[in-house]
Amino acid sequence: MDKFRIMLQFLQANQESFMNGICGIMALASAQMYSSFEFTCPCLPDYNYAYGIGILIVPPIWFFLLGYVLNNNISVLTEEWKRPMGKRRKDPAVLRYMFSSMTQRALIAPAVWIAVTLMDGKSFLCAFTPTADLSEFVNVSYQSFPKNELMKLQARIPCNDVFDGHEIISREAATRYIRCLSQACGWTFLMIITLIAFLIRAIRPCFTQAAFLKTKYWSHYIDTERKLFDETCKEHAKSFAKVCIQQYFESISGEIVPQLHLPIKKGKGKKDDDDGEKQKSDEEKLLGVRKEEDMNKVLWNWHTCKPALMLNKRAEDMNGHAHLDTHSISDERHTRTPKKNTAVAYYSKV
């Protein structure tokens, strides 16, 4: 269980590697599903084309939508797109970058399905045998065969068990011819996809490197900000619940046993100090928000009016004053300490 939790934390920390792994798994799943899929052509002129093209198009659409569903950034993109303007403007370039990166990952599994389907050739054979020009494979003595009957005969070519026109048309030659065309289309599809990917990866940064870095940075910022906000809300909810329960039990115990005096046991001072430190840390994690109405207001304001992307110097000034105070205190301590102690301290530093 601990190993699974560690692996899940690693995948959550490395979002890009996690999504690349999901895309690879989906691509392998699409190829495995096609190999285990039982292809059954209807072998009817009115249904062959619809069945073959449906097998070629419908599963890729499903894989494409599934790629969006499994991508966690789709909710981030939707929230950023639909949120009110507030004090922070929306950058369309960042939204386009996030959408394009999600789309590129979502297209991997559909591309694999289409390539495997075209290389196999079954759907292409089922879809185009009724309308393909197979006159070269028709027996010379049946050249005047009616076109309607020839179309019905060609529609039964993918089905070996129902094809009964071996003396009219060569089934094996027609099947090899159509599968050859299907594989040619498959290789052409792979070449086009590879060329487009090369152009996107290699040429785009050469022209818009500064804009590319800017959009990439702010897209990472939006994702990181959402994660940190969720983690802060979880910590606040945990501390709020813990303090609320502690106060409840303290009030109940005070009402039930107001006159009870328990003997104080020795040796538990350190444990009490630890409990006090834990309670203090829980109080600090509340960040001053101690009411339900205040928390609802914080969440509503975060949604309607996010803070501007401009950091003030208040924390730096406070740190500077703190450093000055510590230096002054240390100077006073050094002036008050005897010379012997300063000599020993100086010797230890050397």
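**Close-up views of a predicted model**

**View 1. Packing of helices α4 and α5.** Helix α4 (residues 73–82) packs with helix α5 (residues 92–106) at an angle of about 155°, and their axes lie 10 Å apart. The structure shown here and in the other views is a predicted model. Since angles over 145 degrees count as roughly antiparallel, α4 and α5 are therefore roughly antiparallel to each other. Their crossing is left-handed. On the α4 side, the residues in contact are N73, I74, V76, L77, E80 and W81, which meet L95, M98, F99 and M102 of α5. Sorted by class, this contact comprises eight nonpolar residues, one polar residue and one charged residue.

**View 2. Packing of helices α5 and α6.** Helix α5 also packs with helix α6 (residues 108–120), here at an angle of about 30° and with the axes 4 Å apart. The two helices α5 and α6 are therefore roughly parallel to each other. The contact joins Q104, R105 and A106 of α5 to I108, A109 and P110 of α6. By class, four nonpolar residues, one polar residue and one charged residue make up the contact of α5 with α6.

**View 3. The buried residues of helix α8.** In helix α8 (residues 147–155), the buried residues are L150, L153, Q154 and A155. These buried residues of α8 pack against α3 (48–70).

**View 4. Residue C43 in a loop.** C43 lies in the loop between α2 (15–36) and α3. Although C43 is not a glycine, it has a positive phi of about 60°. C43 is buried, its relative accessible area being 7%.

**View 5. Salt bridge between R83 and E80.** A search of the whole structure finds five salt bridges, one of which links R83 with E80. The closest N and O atoms of R83 and E80 are 3.1 Å apart. Both R83 and E80 are buried. E80 is also among the α4 residues that meet α5.

**View 6. Salt bridge between R156 and D164.** R156 forms a salt bridge with D164, in which the closest N and O atoms are 3.3 Å apart. With a relative accessibility of 24%, R156 counts as partly exposed.

View 7. D223 and K227 form a salt bridge whose closest N and O atoms are 3.7 Å apart. Because they are four residues apart in helix α11 (residues 209–256), D223 and K227 are separated by about one helical turn. D223 is buried, with a relative accessible area of 15%, whereas K227, at 30% relative accessibility, counts as partly exposed.

How values were computed. Residues numbered from 1 in each chain as written. Predicted model: local features only at pLDDT ≥ 70, side-chain atom pairs only at ≥ 80, totals over all residues. Heavy atoms only, no water. Axes fitted to C-alpha atoms, helices over the stretch in contact; angles between N-to-C directions. Parallel < 35°, antiparallel > 145°, perpendicular 65-115°, else oblique. Left-handed = near helix turned anticlockwise from the far one by under 90°. Contact = heavy atoms within 4.5 Å. Nonpolar A, V, L, I, M, F, W, Y, C, P; charged D, E, K, R; others polar. Buried < 20%, exposed > 50% of the residue type's maximum accessible area, 1.4 Å probe, protein only. Salt bridge = Lys/Arg side-chain N within 4 Å of Asp/Glu carboxyl O.
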